[in-house]
Amino acid sequence: MESKEQLPAWFRKRRYLHFDRPVGVNNAEKIVCSPNNVAHHAFYPLIKYQIISTKIRRATNGSKLEYKEKIRDISYAAHLDAHIYSYYSNLLNSKYENFLANSGLTKCVLAFRSLGKSNIEFAAEAFSEISRRFECAAVALDVSGFFDNLNHQILKKQWCDLIGCSSLPDDQYNLFRSLTRFSTVERDSVYKQFGITPSNPKYGRHRICAPKEFRTKVRDEGLISTNQEQFGIPQGTPISAMLSNIYMMEFDAEMNAFAKSVDGLYLRYCDDILFVVPLSEIDNCGRIAGKSISALKLSINSTKTERRAFKREKGVLLSDKPLQYLGFTFDGQQILIRSAAFARFSNRMKRGVRLAKATSRRWNKLRKERGSNEKPLYRRKLYNNYSYLGKRNFLSYGHRAAKLMNSDSIRGQLKPLWSRLLAEIEKE
C-alpha cells in the first residue's frame, strides 16, 4: 500500500459511488501520464445534484430579514476522470502561478490557490489597506452566474495563451471538450434506476453499474443530458476552479493595471471583486470593470454592487455605509460578521435542537416500552455543533476571526449564542 507521502500531488482517494470503481495510483498513472491515452479517453457523464442554501439579507427598509433560496448545481466526476482532471489542473497551476508572478498579480487573485490563508485573512488585509489610508473609496462588484456563463471560445483562447500554443494539444482538447460539452446524470434519477438507497448508496456496491448496464439503462433510457450551449462549465470537478482563474487572466491584468495607475488596490476572490482607490475614482471602477467584463461575455450584478466612501472626521475613519466583503462588514472602526450569517446559524441551531429532542423522545418511548429507564437529552453533539465547545463550527470560526482581526465587536456578537443554545434546549 502506498503511503500518503509517496502519493503524487494530483492523486486523492475518492470513496464515492460512480459509474466506475475507485482507481489505485498505479493504474491511474498509466492513463493520466500518457497524453495519448488521455487524448482517446472517453469521459463518463458527471453525476449532478443540487445544494439549496438560504440567502438572508435585510429588507431595503431595514425592518426585517428576507429569506430566499439559492439553488446551486454541483457535479462530480467518475474516479478515473477525476484523476485526469486533477493531474492536468496541477500542470496548468504551475504555468498559472508563473503568469501571476510575471504579471504582478500574485497578491491580487485570492481564490483557489494554495496561499495558506482563508477568507478571514483576506478580508482583514483588505480592511487594513482601507484603514491605512487617510480617505478612500471601496467598490465591491459581483460577477453574475460566474461558472454558468464562461464562454467556451474565450476559455479556449485563454487556455492556449497560458500554455503558449496556438491550439490545444489533443489530450488537453479532449479535456476541454469534456468540460464544455459536458454530460450529466441526475443523482436521484440514476439511484432510482438501480434501486440505490440515497442514505446508504455504497451498500454492497463498488460502482453504480457495469458498463453494459450503463449503456442500456442509463444512456439508452435517456438519463444523460448534454450541455448544448456555447458557455458554462460544471462546478465541482478538480479542474473547474483552475479554469475559472485562467478565464479571468486578461481581466485581472487590466484591473490591476488600472488600480495601480491611481495608487489603488485590486483584489478578486472568485466572482467577488474589490477595488480600494482614491475617492475621485469611485465611479471609474464600475465603468472600467463593467466594460472589461462585458468583453468576456460576463456581466456585473448591479444589485450586489457596493460603493463606499471612507473619510476621516476628527482623525477617525468612518464610512457612509459599512462595506460587506467575504462575509464581514467594516465601517472604518469595527469589523463584524454579517448579520445574515447569524440568522443562518440560528436557524440551523434550532433545527438541530428540534431534531435531537425528537430523536430523544423516540428512543425514550422505546425504552419505556421495554421497561428501561428514560435518558435525558444527549447534549454532546449539540455542544459540538452549536457552541464554543466544538472545534469546527460557526462559533470556532467566529472566535478565530475575532482573534485574527483583533475584533472585540465580533466577540460581542458571539457572546449571546451560548445562552441562546441553552434556552433552545430548555424550551418545552
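Tutor: A helix here is a DSSP run of H or I with at least four residues, and helices are numbered from the N terminus. The model is predicted.

Student: Which helix does Arg348 lie in?
Tutor: Arg348 is one of the residues of a positive surface patch, together with Arg344, Lys350, Arg351, Arg354 and Arg420. The element that gives the most to this patch spans residues 339-370 and supplies five residues. The helix that holds Arg348 is H12.

Student: How many bridges join S3 to S7?
Tutor: S3 covers residues 136-142 and S7 covers residues 272-277, and the two run antiparallel. Within this pairing, Asp142 stands opposite Asp272 of S7. The number of bridges joining S3 to S7 is six.

Student: Which residue in the turn between S6 and S7 has a positive phi?
Tutor: S6 and S7 pair in the antiparallel sense over five bridges, and Tyr269 stands opposite Asp272 in S7. The two strands form a hairpin with two residues between them. The turn residue with a positive phi, about 60°, is Cys270.

Student: How far apart in sequence are the parts tied together by the salt bridge of Glu186 with Lys48?
Tutor: Side chains of opposite charge can pair when their charged atoms come close. The structure holds 15 salt bridges, and in the one between Glu186 and Lys48 the closest N and O atoms are 3.5 Å apart. Glu186 lies in strand S4 (residues 183-186) and Lys48 in strand S1 (residues 46-58), so the pair ties together parts separated in sequence by 138 residues.

Student: Which strands stand at the edges of the three-stranded open sheet?
Tutor: This sheet has the order S10-S11-S12 with antiparallel pairing. Each edge strand has a single partner strand, so one side of each is left without a neighbour in the sheet; these strands are S10 (323-325) and S12 (335-337).

Student: By how many degrees are neighbouring strands of the S10-S11-S12 sheet turned against each other on average?
Tutor: The pairing in this sheet is antiparallel.

Student: Which residue in S12 stands opposite Phe330?
Tutor: Strand S11 (residues 328-330) pairs with S12 in the antiparallel sense, over three bridges. Opposite Phe330 stands a residue of S12, Ile335.

Definitions and conventions: Residues numbered from 1 in each chain as written. Predicted model: local features only at pLDDT ≥ 70, side-chain atom pairs only at ≥ 80, totals over all residues. Heavy atoms only, no water. Pairing = 2+ DSSP bridges. Patch = residues over 30% accessible without salt bridge, like charges linked within 9 Å, V, L, I, M, F, W, Y side chains within 5 Å. Areas by Shrake-Rupley, 256 points an atom, 1.4 Å probe, with all protein chains shown as cover. Salt bridge = Lys/Arg side-chain N within 4 Å of Asp/Glu carboxyl O. Lys, Arg positive; Asp, Glu negative; His and termini not counted. Charge placed at Lys NZ, Arg CZ, Asp CG, Glu CD.
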